[in-house]
Amino acid sequence: MTKLEKFIKARRLRPVDLARESGYSRQHLLRVRTGEDDPTRKCMSAITLACRRLAHERVTARMLFDLP
């Protein structure tokens with residue numbers, strides 16, 4: 001399970017809301033959430049900002065993604 005998937009499940013966020021907030025399709029987010037696809041920096045930034053808005057907490061990209 002990816003960090004992003006754990007974050008989403010722990011906070012009971014709805015993937016459809018994350019898709020809407022981030023501007024990415026549910027299908028693309030599913031591939032990122034399952035680790036099937038590596039997100040671009042732009043995508044990581046959009047997902048991070050969307051998670052901040054939906055979770056109402058300070059979220060960093062490191063909390064959601066394995067970064068070098």
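Q: Is D17 buried or exposed?
A: D17 is buried, because its relative accessibility is 15%. Buried means under 20% relative accessible area, exposed over 50%, and partly exposed in between, with a 1.4 Å probe and protein chains only.

Q: Before we go on, what kind of model is this?
A: It is a predicted model, where local features need pLDDT of at least 70, side-chain atom pairs count only at pLDDT 80 or more, and totals for chains, interfaces and linings use all residues. Residues are numbered from 1 along each chain as its sequence is written, and side-chain values use heavy atoms, with hydrogens and water left out.

Q: Back to D17. Which residue does its side chain meet in a salt bridge?
A: R20, at 3.0 Å from N to O. A salt bridge here is a side-chain nitrogen of Lys or Arg within 4 Å of a carboxyl oxygen of Asp or Glu.

Q: Which residues are linked in a network of salt bridges?
A: R14, D17, R20, E21 and R53.

Q: How many salt bridges does the structure hold?
A: Nine. One of them joins the side chains of K3 and D66, at 3.6 Å from N to O. That pair links distant parts of the chain: K3 is in helix α1, D66 is in the segment after α5, and they are 63 residues apart.

Q: How accessible are those two, K3 and D66?
A: K3 is partly exposed at 35%. D66 is exposed at 67%.

Q: What does E5 form a salt bridge with?
A: K9, with the closest N and O atoms 3.5 Å apart. Both lie in helix α1, four residues apart, about one turn of the helix. E5 counts as buried, at 9% relative accessibility.

Q: New topic. Where is M1?
A: M1 sits in the segment before α1, which covers 3-10. It is exposed, at 67% relative accessibility. Not counting residues up to four places away in sequence, M1 touches K6 and K9. Contact means heavy atoms within 4.5 Å.

Q: How far apart are M1 and G35 in space?
A: 7.9 Å, C-alpha to C-alpha, although they are 34 residues apart in sequence.

Q: What about H28, buried or exposed?
A: Buried, at 16%. H28 lies in helix α3, residues 26-33. Leaving aside neighbours within four places in sequence, H28 is in contact with D37 and C43.

Q: Which residues in α4 are buried?
A: C43 is one of them, along with M44, A46, I47, T48, A50, C51 and A55. The buried residues of α4 pack against α1, α2, α3 and α5.

Q: What follows α4?
A: H56, with a positive phi near 55 degrees.

Q: Last one. Which residues lie nearest the centre of the largest pocket?
A: V32, D38, P39, F65 and D66, out of 13 lining residues. A pocket is found on a 1 Å grid over the protein atoms alone, as an open set of points with protein on both sides within 12 Å along at least five of seven lines; lining residues have an atom within 4 Å of a point.

Definitions and conventions:
Helices (H or I, at least four residues) and strands (E, at least two) are DSSP runs, numbered from the N terminus. On a 1 Å grid over the protein atoms alone, a cavity is a set of points where a 1.4 Å probe fits but cannot get out, and a pocket is an open set with protein on both sides within 12 Å along at least five of seven lines; lining residues have an atom within 4 Å of a point.
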